[in-house]
Amino acid sequence: MITNKSRLCPLSPELDFDFFPEHVSLSELLFFDIETTGLSPKTSQVFLIGAVQYSDKLQAFESIQFLAESTDPGEELQILKAFSQLAREKQFLIHFNGTSFDLPYLRHRYEALQLSHPLDSCHSLDLYRELLSMPAFFRQMSDHKQKTFELLVQYPRKDKLSGKEMIKAYKAYALSRASSTREQLFLHNLDDLKGMLSLLPLRRLKQLLHHSYQILETTEIQEPDITGAIQTQVLFILCLKRPVPVPLSANAGFCYITVLKEKAKIKMPVFEGTLRYFYKDYKNYYYLPFEDEAIHKSVAAYLDASHRQKATAATCYKKISGQFLYAPGTPDLPLLQEEYHSKEHYVSWPFTSSSDIGLKSYLHEVLKTAITQK
């Protein structure tokens, strides 16, 4: 087994502690990636494990790579033991799609070689799953491989080997022990690790889901729709606490979101017409067919009985005409519908000056629905 270490301080991006509990220190984190001779742990083996950790001694990040010098089972045994010893000192194991591949593969190899491991005692953080929990920003990508995310953040990858080429290169190295081939193997794995680190700032998008922003401005704008007709839209401008490094956008159908550095903008079309506000306690209301509205029984008691009837859930409403915004979720504002069984809800626009709490609640529901919907 060969152990290769390198200091990454000048090249490491800023780590975002939005991923981790506040009490966790850098030295408790371990980023890792594995290289194997095949996809099935039953018929292949791991030949290289790379990791990045923070060194208190160096006051910098460093990479540690364990390479099996041959396909002999004893070599794999050594790198698994070395990684296990490294991981036992950590609280978080961070990976890209390791939930589906790296972790179950390693578990199988540890068990096959009758080795104990710390994989189940550490917290696991899958960057792949974290990013795809916000699909609206990434559904337009050609695929969701790590290299494609790296292109999005403009990570300058030096390695050119594919996964299949990596396996061929290792098999050649196991026979020749050529130093140039060994450096290719280390470079591929190191680029995977550094590329993983480069994706961390994308997680800042979750500020939009966690109320980590200020509402700077709410205004009306006029823009043409897809038919060319002028459409009134409401523009919400937010200020994020931490900048998102690349421009991103999300089209959720009912709104359009753009993010660039500290600014996030949400555009929503304004609808005009007449909607209904349904009272929940319909047993305390009467429905007036001629007026096509419901009124409280304390008022309806003074009307001729022939002009009123007991309200039902579907007839207990007040009609409101004006302008409206689509309202996903359950914001802390009065919700309006076209009909009682309509699934779509709306809120009156403009909001009243006393509805700051309602505005924050509304934007939270808009962002949560738009960003996380599949």
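**A pair of facing residues**

Mentor: Tyr-286 stands opposite Ile-295 in β12. Please keep in mind that this is a predicted model.

Trainee: How many bridges join β11 to β12, and which way do they run?

Mentor: Strand β11, residues 285-288, is joined to β12 by four bridges, and the two run antiparallel.

Trainee: What is the order of the strands in the open sheet?

Mentor: The order is β12-β11-β13, three strands with antiparallel pairing. The edges are β12 (293-296) and β13 (309-310), each of which pairs on one side only.

Trainee: What holds strands of a sheet together in general?

Mentor: Strands pair through backbone hydrogen bonds, in either a parallel or an antiparallel arrangement.

Trainee: Let us move to another pair. Over how many bridges do β8 and β9 pair?

Mentor: Strand β8 covers residues 230-251 and β9 covers residues 256-269; they pair over twelve bridges in the antiparallel sense. Within that pairing, Ile-237 of β8 stands opposite Lys-265 in β9.

Trainee: And what lies between the strands of that hairpin?

Mentor: Four residues lie between β8 and β9, and in this hairpin Gly-253 takes a positive phi near 90 degrees.

Trainee: Which residues other than glycine have a positive phi?

Mentor: Two examples are Gln-154, with a positive phi of about 60 degrees, and His-211, whose phi is near 60 degrees. Gln-154 is found in the loop between α4 (146-152) and α5 (163-176). His-211 lies in the loop between α6 (179-198) and β7 (213-224).

Trainee: Is Gln-154 buried or exposed?

Mentor: Gln-154 counts as exposed because its relative accessibility is 67%, and the cut-off for exposed is over 50%. His-211, at 45% relative accessibility, counts as partly exposed.

Trainee: You mentioned α4. What can you say about Glu-150 there?

Mentor: Glu-150 has its place in helix α4. Its relative accessibility is 2%, so Glu-150 counts as buried.

Trainee: Which residues is Glu-150 in contact with?

Mentor: Leaving aside neighbours within four places in sequence, the contacts of Glu-150 are Tyr-155, Arg-157, Asp-191, Gly-195, Met-196, Ser-198 and Leu-199.

Trainee: New topic: where is the cis peptide bond?

Mentor: It joins Trp-349 and Pro-350, with omega at about 5 degrees. Pro-350 is placed in the loop between β15 (346-349) and α8 (356-372).

Trainee: Now the whole chain, please. How many helices and strands does it have?

Mentor: The protein chain has eight helices and 15 strands. Its radius of gyration is 29 Å, well over the 21 Å that the globule rule gives for 374 residues, so the chain is more spread out than a compact globule.

Trainee: What box do the C-alpha atoms fill?

Mentor: Taken along the principal axes, the box is roughly 100 × 40 × 40 Å.

Trainee: How much of the chain is buried, and what is its accessible surface?

Mentor: Of the 374 residues, 48% count as buried. The accessible surface comes to about 19200 Å², and 52% of that belongs to carbon and sulfur atoms.

Trainee: What about contacts between residues at least 24 apart?

Mentor: Among contacts between residues at least 6 apart in sequence, 68% join residues at least 24 apart.

Trainee: Lastly, how many positive and negative side chains are there?

Mentor: There are 43 positive and 43 negative side chains in the protein chain, and the centres of the two sets lie 3 Å apart.

How values were computed
Residues are numbered from 1 along each chain as its sequence is written. This is a predicted model: local features need pLDDT of at least 70, side-chain atom pairs count only at pLDDT 80 or more; totals for chains, interfaces and linings use all residues. Side-chain values use heavy atoms; hydrogens and water are left out. Two strands pair if DSSP finds at least two bridges between them. The radius of gyration is taken over C-alpha atoms; the globule rule is 2.2 Å times the number of residues to the power 0.38. Buried means under 20% relative accessible area, exposed over 50%, partly exposed in between (1.4 Å probe, protein chains only). Contact means heavy atoms within 4.5 Å. Accessible areas come from the Shrake-Rupley method with a 1.4 Å probe; for residues, only the protein chains shown count as cover. Lys and Arg count as positive and Asp and Glu as negative; His and the chain ends are not counted. The place of a charge is taken as NZ of Lys, CZ of Arg, CG of Asp or CD of Glu.
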